[in-house]
Amino acid sequence: MLDIKLLREKPDFVKDRVRTRGGDPHTLVDKVLAYDETRRKAETEKQVLQSERKTLSKQIGALMGQGKADEAEAIKEDVRIIGDKITVLDEQSNEAEEHQMALLLSIPNLPHEACPIGADEDANPVIREWGDKREVTDPKDHVELAEGLGLISFDDAVRIAGSGFAVYRGKGAKLQRALIQYLLDLQTETNGYEEVNVPHLINRECMFGTGQLPKFEDDMYGLNEGQTFLAPTAEVPVTNLYRDTILAEDQLPIKMTAHTPCFRREAGSAGRDNKGIIRMHQFDKIELVQLAHPDKSMEVLEELTGHAESVLQTLGLHYRVIELCTGDVGFSACKTYDIEVWAPGQGKYLEVSSCSNFGDYQARRMKLRYKDAEGKNNFCHTLNGSGTALPRLMVALLEQYQNPDGTITVPAPLRPYFGGESIA
């Protein structure tokens, strides 16, 4: 959520930055300020009346002490009228505040000034590439490979839950488990993250805290009449571990990683990135979260992105990093890098991680702060990225490491976890 003071002091700046995202959310700025003015005016009038009521109450006490009950009664009527006016002003203030907050929550974060300006993904520049594309003659896609080796059953998943799900069997289930263990060990033992194990059910307040609500509610699996949700990403429960918290400045940065299943209703349009396990309603993911000092959060974004890249580098998977332009950056983010891994069976790159700096946008919603050397409370900056999503990582692994005889070579770092050099 944006700072209301920023909207008051620099409304045109806010509108200009939000306008670079496209659409019309910039039109909400003036509406927020109108409700803000109504609320502040009502609060000012209420304070004047409260002061007046306090003065009259003292007069009533003095008159009663002097035995002048009749005069006191007349003033009591004035106090009652003032009380009624205060009640009306309270209602006006509360109503204006409710509308103001609803609109404020609907305004996206301001893209960082370093974000490339653009309308959509076509304007996203490639920042760097790593490794070479493996030479694969007549590459098969992961569906053919997985079904041929008995790694994944889509028919079983349809019988159990419908489309958008998968059942991993035999060595497929073992490969999934090996990847999860390997990725957690990499991030904790090499990159310095604390592993956390969090609930997969999340309350509504936490979903607001990281920006999934109210905008994306239709994409979430809601329970209990929308008061509880299945985790759409570990970003939500992990970041909210520090909601309503004031940290010491020397505690920053805080680095956490978690493995969770993720649940999302939206699974892509027909024929668009939804073949096999590329786009799922349920999938596993290793999440990276950092809580950082505002002065260092852009450095931390580069570091966190490097930690996500280390997964692909150690597994020897060719990938590229792109920077999202203003029209493609996520609702709550101010700057984002996407990591796309090469999938020869698809003949294209697949997003396997999105690493974002949210500035103080999430922290302001969650009341996540730190106390500086002068004793002042400031909002932290929050960052997260996938380290990585499991389905597309497995797609890339199967397709990049496929052999002409139909077997799959297991990358060397993964072999101790998997227990073999190949899948046949």
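Entry on Tyr 182 and Tyr 417. I looked up this pair and found the ring centres 5.5 Å apart and the planes at 70 degrees, so the pair is edge-to-face. Tyr 182 belongs to helix 7 (residues 171-190) and Tyr 417 to helix 13 (residues 415-418), so parts 235 residues apart in sequence are tied together. I take helices (H or I, at least four residues) and strands (E, at least two) as DSSP runs, numbered from the N terminus. Tyr 182 is buried at 7% relative accessibility, whereas Tyr 417 is partly exposed at 28%. Buried means under 20% relative accessible area, exposed over 50%, and partly exposed in between (1.4 Å probe, protein chains only).

Entry on the model. I note that this is a predicted model, in which local features need pLDDT of at least 70 and side-chain atom pairs count only at pLDDT 80 or more, while totals for chains, interfaces and linings use all residues. Residues are numbered from 1 along each chain as its sequence is written, and side-chain values use heavy atoms, with hydrogens and water left out.

Entry on Phe 331 and Tyr 361. Phe 331 counts as buried at 10% relative accessibility, and Tyr 361 is buried at 0%. I also recorded that Phe 216, Phe 331 and Tyr 361 form one aromatic cluster.

Entry on lysines over rings. I found Lys 10 over the face of Phe 13, at 5.9 Å from the ring centre. Lys 174 lies over the face of Phe 418 at 5.5 Å. The test asks for NZ of Lys or CZ of Arg within 6 Å of the ring centre and within 35 degrees of the ring normal.

Entry on Lys 46. Is Lys 46 buried or exposed? Lys 46 is buried, with a relative accessible area of 13%, and lies in helix 3 (residues 28-65). Leaving out residues up to four places away in sequence, I found that Lys 46 touches Ile 86, Leu 89 and Asp 90; contact means heavy atoms within 4.5 Å.

Entry on strand 16. Nine of the nine residues of strand 16 (residues 381-389) are buried, so the strand is largely enclosed by the rest of the structure. I counted seven bridges to strand 10 (residues 282-292), antiparallel, with Lys 285 opposite Ala 389. Two bridges join strand 13 (residues 348-357) to strand 16, also antiparallel, and Asn 357 has Leu 383 as its bridge partner. Strands pair if DSSP finds at least two bridges between them.

Notes:
Rings of Phe, Tyr and Trp (its six-membered ring) pair if their centres lie within 6.5 Å; planes under 30 degrees apart count as stacked, over 60 as edge-to-face and the rest as tilted.
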